[in-house]
Amino acid sequence: MDLSRAPNERKLYLCKWYFKAGFALLPFLWSINSIWFFNEAFRKPAYEEQKEIKKYVIFSLIGTLAWVVAIVAWVVTFQLKRTDWGEFADNISFIVPLGRA
(Lines give C-alpha, C1' and ligand atoms only; values in the text may rest on other atoms or scores of the structure.)
Protein backbone atom coordinates (compact mmCIF):
# COMPACT_ATOMS: atom_id res chain seq x y z
CA MET A 1 0.00 0.00 0.00
CA ASP A 2 1.22 3.47 -0.86
CA LEU A 3 0.97 5.53 2.32
CA SER A 4 1.39 8.79 0.44
CA ARG A 5 -2.06 8.30 -1.12
CA ALA A 6 -3.83 7.44 2.15
CA PRO A 7 -5.49 10.20 4.18
CA ASN A 8 -3.94 10.95 7.57
CA GLU A 9 -6.90 9.45 9.45
CA ARG A 10 -6.41 6.16 7.59
CA LYS A 11 -2.68 6.17 8.40
CA LEU A 12 -3.46 6.60 12.09
CA TYR A 13 -6.06 3.81 11.94
CA LEU A 14 -3.59 1.40 10.29
CA CYS A 15 -0.78 2.27 12.67
CA LYS A 16 -3.05 1.76 15.68
CA TRP A 17 -4.41 -1.53 14.24
CA TYR A 18 -0.92 -2.96 13.66
CA PHE A 19 0.09 -1.95 17.19
CA LYS A 20 -2.92 -3.62 18.79
CA ALA A 21 -2.56 -6.75 16.62
CA GLY A 22 1.01 -7.11 17.87
CA PHE A 23 -0.37 -7.97 21.32
CA ALA A 24 -1.81 -11.19 19.85
CA LEU A 25 1.71 -12.68 20.11
CA LEU A 26 2.53 -11.36 16.65
CA PRO A 27 5.61 -9.21 17.35
CA PHE A 28 6.53 -9.11 13.67
CA LEU A 29 3.57 -6.75 13.22
CA TRP A 30 5.26 -4.35 15.64
CA SER A 31 8.42 -4.46 13.54
CA ILE A 32 6.40 -3.87 10.36
CA ASN A 33 4.61 -0.97 12.07
CA SER A 34 7.92 0.55 13.18
CA ILE A 35 9.45 0.36 9.72
CA TRP A 36 6.37 1.22 7.68
CA PHE A 37 5.35 4.31 9.65
CA PHE A 38 8.80 5.60 10.65
CA ASN A 39 8.89 8.20 7.87
CA GLU A 40 5.34 9.32 8.65
CA ALA A 41 6.18 9.75 12.32
CA PHE A 42 9.59 11.40 12.16
CA ARG A 43 10.39 12.74 8.69
CA LYS A 44 7.18 14.26 7.30
CA PRO A 45 6.04 17.82 8.04
CA ALA A 46 3.84 18.02 11.12
CA TYR A 47 0.12 17.24 10.86
CA GLU A 48 -2.61 16.58 13.41
CA GLU A 49 -2.42 12.77 13.61
CA GLN A 50 1.38 12.62 13.53
CA LYS A 51 1.82 12.88 17.30
CA GLU A 52 -0.29 9.79 17.90
CA ILE A 53 1.38 7.89 15.02
CA LYS A 54 4.75 8.73 16.56
CA LYS A 55 3.61 7.28 19.90
CA TYR A 56 2.52 4.00 18.29
CA VAL A 57 5.75 3.75 16.27
CA ILE A 58 7.87 4.21 19.40
CA PHE A 59 5.85 1.65 21.39
CA SER A 60 6.01 -0.78 18.47
CA LEU A 61 9.78 -0.41 18.34
CA ILE A 62 10.05 -1.02 22.09
CA GLY A 63 7.83 -4.11 21.79
CA THR A 64 9.90 -5.43 18.89
CA LEU A 65 13.14 -4.96 20.81
CA ALA A 66 11.68 -6.67 23.91
CA TRP A 67 10.62 -9.69 21.84
CA VAL A 68 14.01 -9.88 20.11
CA VAL A 69 15.80 -9.82 23.47
CA ALA A 70 13.46 -12.49 24.88
CA ILE A 71 13.84 -14.79 21.86
CA VAL A 72 17.63 -14.43 21.74
CA ALA A 73 17.85 -15.10 25.49
CA TRP A 74 15.70 -18.22 25.10
CA VAL A 75 17.70 -19.56 22.15
CA VAL A 76 21.04 -18.99 23.89
CA THR A 77 19.80 -20.55 27.13
CA PHE A 78 18.31 -23.56 25.35
CA GLN A 79 21.43 -24.15 23.26
CA LEU A 80 23.70 -23.98 26.29
CA LYS A 81 21.51 -26.05 28.64
CA ARG A 82 19.86 -28.57 26.31
CA THR A 83 22.00 -31.52 27.35
CA ASP A 84 21.73 -30.61 31.05
CA TRP A 85 17.93 -30.59 30.86
CA GLY A 86 17.85 -34.18 29.57
CA GLU A 87 14.49 -35.64 28.60
CA PHE A 88 12.61 -32.37 29.15
CA ALA A 89 14.72 -30.66 26.49
CA ASP A 90 14.13 -33.56 24.10
CA ASN A 91 10.39 -33.31 24.68
CA ILE A 92 10.25 -29.61 23.82
CA SER A 93 12.58 -29.94 20.83
CA PHE A 94 11.24 -30.10 17.31
CA ILE A 95 14.38 -31.87 16.08
CA VAL A 96 16.25 -34.00 18.57
CA PRO A 97 19.98 -33.92 17.88
CA LEU A 98 21.86 -37.14 18.51
CA GLY A 99 24.78 -37.35 20.93
CA ARG A 100 26.65 -34.64 22.76
CA ALA A 101 28.87 -31.85 21.50
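Visitor: At what angle do helix H1 and H2 pack?

Guide: This is a predicted model, in which local features need pLDDT of at least 70, side-chain atom pairs count only at pLDDT 80 or more, and totals for chains, interfaces and linings use all residues. Residues are numbered from 1 along each chain as its sequence is written, and side-chain values use heavy atoms, with hydrogens and water left out. Helices (DSSP runs of H or I, at least four residues) are numbered from the N terminus, and strands are E runs of at least two; axes are lines fitted to C-alpha atoms, for helices over the stretch in contact, with angles from 0 to 180 degrees between N-to-C directions. The axes of H1 (residues 8-21) and H2 are 8 Å apart, and the packing angle is about 155 degrees.

Visitor: Are H1 and H2 roughly parallel or roughly antiparallel to each other?

Guide: Angles under 35 degrees count as roughly parallel, over 145 as roughly antiparallel, 65 to 115 as roughly perpendicular and the rest as oblique. The angle here is about 155 degrees. H1 and H2 are therefore roughly antiparallel.

Visitor: Which residues of H1 and H2 make the contact?

Guide: Contact means heavy atoms within 4.5 Å. From H2 come Leu29, Trp30, Ile32, Asn33 and Trp36, and from H1 come Cys15, Tyr18, Phe19 and Ala21.

Visitor: How do the axes of H2 and H4 cross?

Guide: The axes of H2 (residues 27-36) and H4 (residues 50-85) come within 8 Å and cross at roughly 135 degrees. That makes H2 oblique to H4.

Visitor: How many nonpolar, polar and charged residues are in the contact of H2 with H4?

Guide: Pro27, Trp30, Ser31, Asn33 and Ser34 in H2 meet H4 residues including Tyr56, Leu61 and Trp67. Ala, Val, Leu, Ile, Met, Phe, Trp, Tyr, Cys and Pro count as nonpolar, Asp, Glu, Lys and Arg as charged, and the others, Gly among them, as polar. The division is 6 nonpolar, 6 polar and no charged.

Visitor: Why is the protein chain said to be more spread out than a compact globule?

Guide: The chain has 5 helices and 0 strands. The radius of gyration is taken over C-alpha atoms, and the globule rule is 2.2 Å times the number of residues to the power 0.38. For 101 residues the rule gives 13 Å, so the chain counts as more spread out than a compact globule, its radius of gyration being 20 Å.
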